[in-house]
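Q: I am new to this structure and would like a short tour of it. Could we look at it together?

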Amino acid sequence: MTATRYLVVLTDVRPLTNGERDERREPERRRQVVGASSREAAERIAGAFAALGMVRAGRQRVKVLAVGRRLTNAN
């Protein structure tokens, strides 16, 4: 059985450069990164981050990322 791991990332929102955002070339600065073993846990953490004033004001954003799979024993 496989389980997907998740990262919840709190980043600073940066201004647009050339009218676009390209996370691969210019990623936003990370403020906090938290790992979660289930999607539900990741969503709860993201909800807590979303309640922060800086996120609500649009200066920071919350991202939930699936980062790979790991094998778990079904026993």
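Q: Let us begin with one residue. Where is the place of Arg14?
A: This is a predicted model. In it, Arg14 sits in the loop between β1 (2-12) and β2 (30-36).

Q: Is Arg14 buried or exposed there?
A: Arg14 counts as buried, because its relative accessibility is 16% and the cut-off for buried is under 20%.

Q: And which residues is Arg14 in contact with, leaving aside its neighbours within four places in sequence?
A: With those neighbours left aside, Arg14 is in contact with Arg21, Asp22, Glu23, Glu26, Pro27 and Glu28. For Glu26 there is a further detail: its backbone oxygen lies 2.4 Å from a polar atom of the Arg14 side chain.

Q: Glu28 was on that list. Where does Glu28 lie?
A: Glu28 lies in the loop between β1 and β2. The residue is buried, with a relative accessible area of 5%.

Q: Let us step back. How many helices and strands are there in the protein chain?
A: The protein chain has two helices and three strands. From the N terminus on, its elements follow the order β-β-α-α-β.

Q: What share of the chain do buried residues make up?
A: Of the 75 residues in the protein chain, 21% are buried. The accessible surface comes to about 5,600 Å², and carbon and sulfur atoms account for 48% of that surface.

Q: What about contacts between residues at least 6 apart in sequence: what percentage join residues at least 24 apart?
A: Among those contacts in the protein chain, 67% join residues at least 24 apart.

Q: Then how many residues does α1 have?
A: Helix α1 covers residues 39-50 and has 12 residues. From its first C-alpha to its last, α1 reaches 16 Å, close to the 16 Å expected at 1.5 Å a residue.

Q: Which residues of α1 are buried?
A: The buried residues of α1 are Ala41, Ala42, Ala46 and Phe49. They cover an arc of only 135 degrees around the axis, so they lie on the same side of α1. On the other side of α1, Glu40 and Arg44 are exposed.

Q: Why do residues three or four places apart point the same way in an α-helix?
A: An α-helix has 3.6 residues a turn, so residues at that spacing point the same way.

Q: Which residues is Phe49 in contact with, apart from neighbours within four places in sequence?
A: Apart from those neighbours, Phe49 is in contact with Val8, Leu10, Gln32, Val34, Val55 and Val62.

Q: Changing topic, where is the place of Met54?
A: Met54 is in helix α2, which covers residues 53-56. Its relative accessibility is 38%, so Met54 counts as partly exposed. Leaving aside neighbours within four places in sequence, Met54 is in contact with Arg59 and Gln60. Met54 and Val13 are 41 residues apart along the chain, and their C-alpha atoms are separated by 9.9 Å.

Q: Finally, in which strand is Val67 found?
A: Val67 is found in strand β3 (residues 60-71). Val67 counts as partly exposed, at 45% relative accessibility. With neighbours within four places in sequence left aside, Val67 is in contact with Arg5, Tyr6 and Leu7. From C-alpha to C-alpha, Val67 is 7.0 Å from Thr4, although 63 residues separate the two in sequence.

Q: What about Arg69: buried or exposed?
A: Arg69, which also lies in strand β3, is exposed, with a relative accessible area of 65%. The C-alpha atoms of Arg69 and Arg5 are separated by 6.2 Å, and the two residues are 64 apart along the chain.

Notes. Residues are numbered from 1 along each chain as its sequence is written. This is a predicted model: local features need pLDDT of at least 70, side-chain atom pairs count only at pLDDT 80 or more; totals for chains, interfaces and linings use all residues. Side-chain values use heavy atoms; hydrogens and water are left out. Helices (H or I, at least four residues) and strands (E, at least two) are DSSP runs, numbered from the N terminus. The expected span of a helix is 1.5 Å times one less than its number of residues. Buried means under 20% relative accessible area, exposed over 50%, partly exposed in between (1.4 Å probe, protein chains only). The arc is that of the directions from the helix axis to the C-beta atoms. A polar contact is a pair of N or O atoms within 3.5 Å; within protein, one must be able to donate a hydrogen and the other to accept it, and residues adjacent in sequence count only if both atoms are side-chain atoms. Contact means heavy atoms within 4.5 Å. Accessible areas come from the Shrake-Rupley method with a 1.4 Å probe; for residues, only the protein chains shown count as cover.
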